[in-house]
Amino acid sequence: MQCVTEDAANTLQGLIWSLATRLPYLVARMPTPWLPLCALSLSALCPAEIRLDRVNASGLLFSLENAATPSKRLIETMAGGLAVLDYNGDGMPDIFFANGASPGSMLKSLPKYRNRLFENTGGLRFVDVTGKAGVAGEGYSMGAAVADYDNDGDVDLFVAGVFRSFLYRNRGDGTFEDVTERAAIDESEWAVAAGWFDYDSDGLLDLMIINYADWSLDFDRYCGDRARGLRVYCHPKYLTPIANRLYRNLGNGEFEDVSGQVGVSRFRGRGMSVAFADFDGNGWQDAFVTNDNLPNFLFLNQDGTSFIEDALLAGVALLDHGKPVASMGVDIGDYDGDGHPDLSVTALSNETFPLFRDEGQGSFRDATIPSGMAKASRTYAGWGNVFADFDNDGQVDLFTANSHVNDIVEEFEPFPYRQPNTVFRNLGGQFAGALEIGEPGTYRGAAVADFDGDGRLDVVVSALGAPASLFRNVSEPAGNWIALDLVGKVSNRDGLGARVKVRDQTRWMKSAAGYASSSLRPIHFGLRDRTAPVTVEVVWPSGQGQTVESVPLNQLTVIREPR
């Protein structure tokens, strides 16, 4: 078959997508083989084969020790966040894994419980540098968030955990120092995840910590079928919701808890993950928080002084059926090409993976069924989730790390505990079927990066009681691409919150991604078969616009904010 030109494909795609968006009922119920016709594009007419192959000799010698016990403590099934960061500034993405602790003492009493940092040495090979870097940690760790909070050019690390969380400052020499006490971050609750954003637009990155519930080691409720001797992890309804925390960066190495002052602490939930963007278009960064079996939160930023919680009226608190689900991971991405940040959420089997389409001005529509995601995801239980263009066709696909929450779910429900990961390919705003990645496992956190520098996005995934997995993207044809490294002015050097547009694609500079995980730099755009340089448009967090002409393809380009 001879492929059509890119311009012809784009014209056809626009006509058919315009029709499809006016007939969501018909599109959602259209048989899978016909979906490519409703999302006609170059990739649909001449598709690359998305392939993610596991790398067996990467050097990532890490297994997530969740310290499972007969008493089925809920923390055991919820561990597993990770982060991708260039900790030593050599241009290659490194990997940090959060790890558990001894079940009795809740301490990292043995080496196997240490958090781990692996340096990327090239060629998809990694070396454990945990000891040298000083990030082995203490206590039962769950999630990670990375960003340059002190604007010194080095990526710092926050580790969320059960009763103990830590802030590590990157010294710039390959080592970190624990500055939690000096920074005045007092986090003694059960923190699952965290994220960095500049809520008051002062150029200093602030920290939002996502807390789960009021839980203690004394909690020993028996859940399951006692007569059959089948004990399961308890439903979260037995745990009291608690508030999240927002710490304002004071710029002198210290932070101030402003949770009450800005209105965040008024709302109690069972938080799992967080995503940031200017969802209502008022120029200030907002925060979306997933809640486990409770309505989600959407904190809309009011001029950097306070937040209002507007999830219900915005359309993201619940799915259209009106019932809360086990909302876990969350990521933002423009899956339908309209320039707005849509929200992907993971949940349990039979709940589907919610997809909220941003219709602008802080209004969303439940697109889980119309997009095909409901049918494609129904049988899976997801944790980590990341929007990424795996086939470089210019449309973000969705990767999810999967496994049920209960290890004996087969005794009660028709769903497996161990499940393969999945990629849902984007066909012009429609997701048709699930491409299963890897063997069935107990997968949790996930992050995406081009680990080997070949222009195709790879994936790293953690797993309970099992080795972490690195999946290399070997999709063919590879497609053209660009990668952009944004560097802000002296303040907010990461450019977190910036909006970037290349042709008809929009991305956002972020570090929070998926379940309790984080990934920082660069921003990746797939460009299909385009061969000419492209124009990049950036709107920086300060509101300053910038246009960069003739950006070359198939390489990393650094874009610096004008002073």
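What follows begins with one serine and then turns to the cores, the ring pairs and the charges over rings.

This is a predicted model, in which local features need pLDDT of at least 70 and side-chain atom pairs count only at pLDDT 80 or more, while totals for chains, interfaces and linings use all residues. Residues are numbered from 1 along each chain as its sequence is written, and side-chain values use heavy atoms, with hydrogens and water left out.

Serine 273 is part of strand 19, which covers residues 271–277 (helices, H or I of at least four residues, and strands, E of at least two, are DSSP runs numbered from the N terminus). Because its relative accessibility is 1%, serine 273 counts as buried (under 20% relative accessible area, with exposed over 50% and partly exposed in between, for a 1.4 Å probe and protein chains only). A polar atom of the serine 273 side chain lies 3.3 Å from the backbone oxygen of glycine 514. Not counting residues up to four places away in sequence, serine 273 touches several residues, including Ala193, Phe288, Met328, Gly514 and Tyr515 (contact means heavy atoms within 4.5 Å).

The largest nonpolar core has 65 residues, of which Met78, Trp190, Met208 and Val460 touch the most other members (such a core is a set of buried Ala, Val, Leu, Ile, Met, Phe, Trp, Tyr and Cys residues joined through side-chain atoms within 4.5 Å). Apart from this core lies another, of 53 residues, with Val155, Ala160, Ala498 and Val500 among them.

The structure holds 22 aromatic pairs (rings of Phe, Tyr and Trp, the last by its six-membered ring, with centres within 6.5 Å; planes under 30 degrees apart count as stacked, over 60 as edge-to-face and the rest as tilted). One of these is the stacked pair of tyrosine 87 and phenylalanine 176, at 6.3 Å centre to centre and 25° between the planes. This pair links distant parts of the chain, 89 residues apart, with tyrosine 87 in the loop between strand 2 (82–85) and strand 3 (94–97) and phenylalanine 176 in strand 9. Both tyrosine 87 and phenylalanine 176 are buried. The rings of tyrosine 149 and phenylalanine 255 are tilted, because their planes stand at 50° with the centres 5.6 Å apart.

Arginine 226 lies over the face of tyrosine 222, at 4.0 Å from the ring centre (NZ of Lys or CZ of Arg must be within 6 Å of the ring centre and within 35 degrees of the ring normal). Arginine 228 lies over the face of phenylalanine 412, at 5.9 Å from the ring centre.

Note on methods: Polar contact = N/O pair within 3.5 Å; in protein donor to acceptor, adjacent residues only side chain to side chain.
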